[in-house]
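Please read each one alongside the sequence and the coordinates.

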Amino acid sequence: WELPDFRPPSEWAWKENPPDVFFNYYIWANLVSLNAFRRSKGMNTFQYRPNCGELGDIDGLVSTFLQCDSIIQGISLSTNPVLRYLYYVAQIGIAMSPLSNNGLHVPY
């Protein structure tokens, strides 16, 4: 199994930042190869725990569902019950900060 070749970030030519889904995949793909190397040397591995789902589109939460070990924030899950259920069934952890979320107009 090999990952497709992508241009490195130094060669990106977009006027705007690429979508979060691309960043998620790029980081995840590099962590997979780094963890394989570290595991072969008997070293500890890294987990992928992105900060996503705070504001914006649900696309970031969908892509991180497929790739992450857990997430930080995930406020947008409250607007999508199907995705929230998938996170629950897969037991993907969600770290939240109630004080920060209150500042983002999320009532508790």
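In which strand is Q73 found? The first point takes up this question.

1. Backbone at Q73. The residue Q73 belongs to strand β2, which spans residues 70-73. The model is predicted, and in it the phi angle of Q73 is near 90°, a positive value in a residue that is not glycine. Q73 counts as buried because its relative accessible area is 7%, under the 20% cut-off.

2. Backbone at Q91. A positive phi also occurs at Q91, at about 55°, although Q91 is not a glycine. Q91 sits in the loop between α3 (81-89) and β3 (93-95). With a relative accessible area of 60%, Q91 is exposed, since the cut-off for that class is over 50%.

3. Overall arrangement. The chain contains four helices and three strands. Followed along the sequence, these elements give the pattern α-β-α-β-α-β-α. The chain has 108 residues, of which 30% are buried.

4. Largest pocket. How much space lies in the largest pocket? The volume is about 290 Å³. Its lining consists of 18 residues, and those closest to the centre of the pocket are D20, V21, N24, C52 and G60. Two or more lining residues are contributed by each of α1, β1 (51-52) and α2 (59-67). Helix α1 supplies the largest share of the lining, with five residues.

5. S63 lies in helix α2. Is S63 buried or exposed? Its relative accessibility is 7%, so S63 counts as buried. In sequence, S63 and D20 are 43 residues apart, while their C-alpha atoms are 8.6 Å apart in space. D20 is also one of the residues closest to the centre of the largest pocket.

6. Nonpolar surface patch. Which residues form a nonpolar patch on the surface? The patch is made up of L34, F37 and F46, which together have about 280 Å² of accessible area. Among them, F37 is found in helix α1, residues 20-40, the helix that gives five residues to the lining of the largest pocket. F37 is classed as partly exposed because its relative accessible area is 46%, a value that falls between the 20% and 50% cut-offs.

Definitions and conventions:
Residues are numbered from 1 along each chain as its sequence is written. This is a predicted model: local features need pLDDT of at least 70, side-chain atom pairs count only at pLDDT 80 or more; totals for chains, interfaces and linings use all residues. Side-chain values use heavy atoms; hydrogens and water are left out. Patches are made of residues with over 30% relative accessible area and no salt bridge: like charges are joined within 9 Å, nonpolar side chains (Val, Leu, Ile, Met, Phe, Trp, Tyr) within 5 Å. Accessible areas come from the Shrake-Rupley method with a 1.4 Å probe; for residues, only the protein chains shown count as cover. A salt bridge is a side-chain nitrogen of Lys or Arg within 4 Å of a carboxyl oxygen of Asp or Glu. Buried means under 20% relative accessible area, exposed over 50%, partly exposed in between (1.4 Å probe, protein chains only). On a 1 Å grid over the protein atoms alone, a cavity is a set of points where a 1.4 Å probe fits but cannot get out, and a pocket is an open set with protein on both sides within 12 Å along at least five of seven lines; lining residues have an atom within 4 Å of a point. Grid points are joined across faces, edges and corners, and a volume is the space filled by probe spheres set on the points.
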